[in-house]
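Biologist: I have a chain open and would like to go through the fold with you. Can we start with how you decide that strands belong together?

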Amino acid sequence: MSNVRARTPLVWILKGPKLGDYAQLLALANAIGWPFVTKTLQFRGFELLLHAQRMPTLAALKRAASDPLVPPWPDIVLTAGRRNELVARWIARASQGRTRLVHVGRPWSHPRRFDLVISSRQYYLDDADNVLVNDLPLHELDVASLPALRADWAPHLAHLPRPWTVLLTGGDSGPLVFDTARAAELGRRVTALLARSGGSLLVTTSARTSSHSVAALLNALPEPGYLHRFGAPPPNPYRALLACGDQFVVTGDSMSMLAEACSTPQPVYVYDFADDQVEGNAGLALRWKPLVHRLAMTVGPRRMRRDVRRIHRALLAQGRVMLLGAGGDVTVVTPTNGNAALLLSAQRVRALLIDPPSAG
């Protein structure tokens with residue numbers, strides 16, 4: 001029978017600047033069920049250049065502004081995002097190889113530098129002994145918790161006619177640019193959807209939705225029955241809206257919001273705002289971040305590529321989502337079991353500490 005370490009393992013989460021990355025890591029840590037500590041990290045701007053060397057380093061880490069990285073070293077490090085990778089690998093080296101590294105998402109370093117990579121279909125990674133590819137990103141939404149949230153929030157919305165259409169907006173992501181033209185186009189398409197379905201509109205923005213895009217969106221929409229701007233005083237109604245919505249519209253940049261909306265038993269529409277969807281956007285490719293991402297997808301290794309439409313196409317083929325503005329209605333509603341992916345991922349992480357290889 002396999003031997004498991006006698007003491008309870010310790011897990012570190014490396015928290016970088018992206019909230020979406022941290023949300024996935026937190027979901028995974030909670031599912032693993034072992035004690036964990038979050039290490040908040042801040043970086044200098046030249047961090048990207050350090051990936052050109054083979055040896056891990058803390059040179060780009062703002063140590064005074066970051067949590068200390070000192071022994072006792074953890075048994076597991078959970079990391080996501082490019083900035084955290086070199087730190088994770090440095091910890092593994094400092095622990096003389098005893099710390100197991102788990103990366104969530106797309107690694108910039110070669111996957112063989114991690115004990116486990118947990119990814120999803122928008123990245124061009126294949127399943128392997130140390131690579132698990134899920135259909136959608138990890139999330140912690142427990143569908144069983146939605147009825148209680150609905151009971152708490154529905155009375156606050158009871159004055160609004162049903163059905164309730166919930167609009168979840170993201171923003172710029174990699175090569176995707178959610179500018180004012182696209183925001184206005186989203187507003188027009190949602191308006192057309194409401195003309196068919198009737199009812200009320202409930203809107204929430206996210207950290208990546210710029211104020212200019214919010215203004216353009218609201219200008220093209222009928223008056224929302226409920227509006228929450230990201231950063232407004234708590235409580236944040238995001239999960240309550242997931243519980244209360246009768247149908248959802250999600251911008252196509254956010255795989256996390258899409259995964260959570262698809263975990264509900266309600267219809268989901270996706271607004272795909274890739275460059276060929278909206279006219280009048282010449283010059284967008286000249287923006288720095290989209291240009292860097294397009295260059296990486298063109299000249300970088302295949303594993304560096306990201307295409308959210310791979311997930312869109314899979315969900316469309318399943319009949320789980322419809323493209324907003326494509327006509328017709330969602331005819332099949334089969335909630336994606338995101339919690340199954342989370343539980344499988346947690347099981348794979350725990351297995352790393354069963355008969356672990358000897359350091360050396």
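Modeller: Two strands count as paired if DSSP finds at least two bridges between them. One thing before we go on: this is a predicted model.

Biologist: Fine. In β6, which residue is the bridge partner of Ser119?

Modeller: Val133 is the bridge partner of Ser119. β5 and β6 run parallel, and four bridges join them.

Biologist: What order do the strands have in that open sheet?

Modeller: The order is β2-β1-β3-β4-β5-β6, six strands with parallel pairing. β2 (36-40) and β6 stand at the edges; each has a single partner strand, so one side of each has no neighbour in the sheet. On average, neighbouring strands are turned by 20° against each other, ignoring direction.

Biologist: Which strands does helix α1 touch?

Modeller: Helix α1, residues 19-32, packs on the sheet and touches β1 (11-15), β2, β3 (76-80), β4 (100-104) and β5. The direction of α1 makes about 150° with that of β3.

Biologist: And α2, which strands does that helix lie across?

Modeller: Helix α2, residues 82-94, lies across β1, β3 and β4. The angle between α2 and β3 is about 165°.

Biologist: Back to the β5 end. Where is Gln122 found?

Modeller: Gln122 sits in the loop between β5 (116-120) and β6 (131-134).

Biologist: Is Gln122 buried or exposed?

Modeller: Gln122 is buried, because its relative accessible area is 3% and the cut-off for buried is under 20%.

Biologist: What does the Gln122 side chain have a polar contact with?

Modeller: The side chain of Ser120, at 2.6 Å.

Biologist: Change of topic. Why do you call β10 largely enclosed by the rest of the structure?

Modeller: Strand β10 covers residues 247-251, and five of the five are buried, so the strand is largely enclosed by the rest of the structure.

Biologist: Which way do the β10 residues point?

Modeller: Gln247, Val249 and Thr251 point one way, while Phe248 and Val250 point the other way. Residues on both sides are buried.

Biologist: How many bridges join β7 to β10?

Modeller: Four, and β7 (residues 164-168) runs parallel to β10. Phe248 in β10 is the bridge partner of Val166. Another four bridges join β10 to β11 (residues 268-271), again parallel, and there Val249 has Tyr269 as its bridge partner.

Biologist: Are Cys244 and Cys262 buried or exposed?

Modeller: Cys244 is buried, at a relative accessible area of 3%. Cys262 also counts as buried, because its relative accessibility is 0%.

Biologist: Last, the whole chain. How many helices and strands does the protein chain have?

Modeller: Ten helices and twelve strands. Buried residues make up 50% of the 360 residues.

Key
Residues numbered from 1 in each chain as written. Predicted model: local features only at pLDDT ≥ 70, side-chain atom pairs only at ≥ 80, totals over all residues. Heavy atoms only, no water. Buried < 20%, exposed > 50% of the residue type's maximum accessible area, 1.4 Å probe, protein only. Helix = DSSP H or I, 4+ residues; strand = E, 2+ residues; numbered from the N terminus. Polar contact = N/O pair within 3.5 Å; in protein donor to acceptor, adjacent residues only side chain to side chain. Axes fitted to C-alpha atoms, helices over the stretch in contact; angles between N-to-C directions. Contact = heavy atoms within 4.5 Å.
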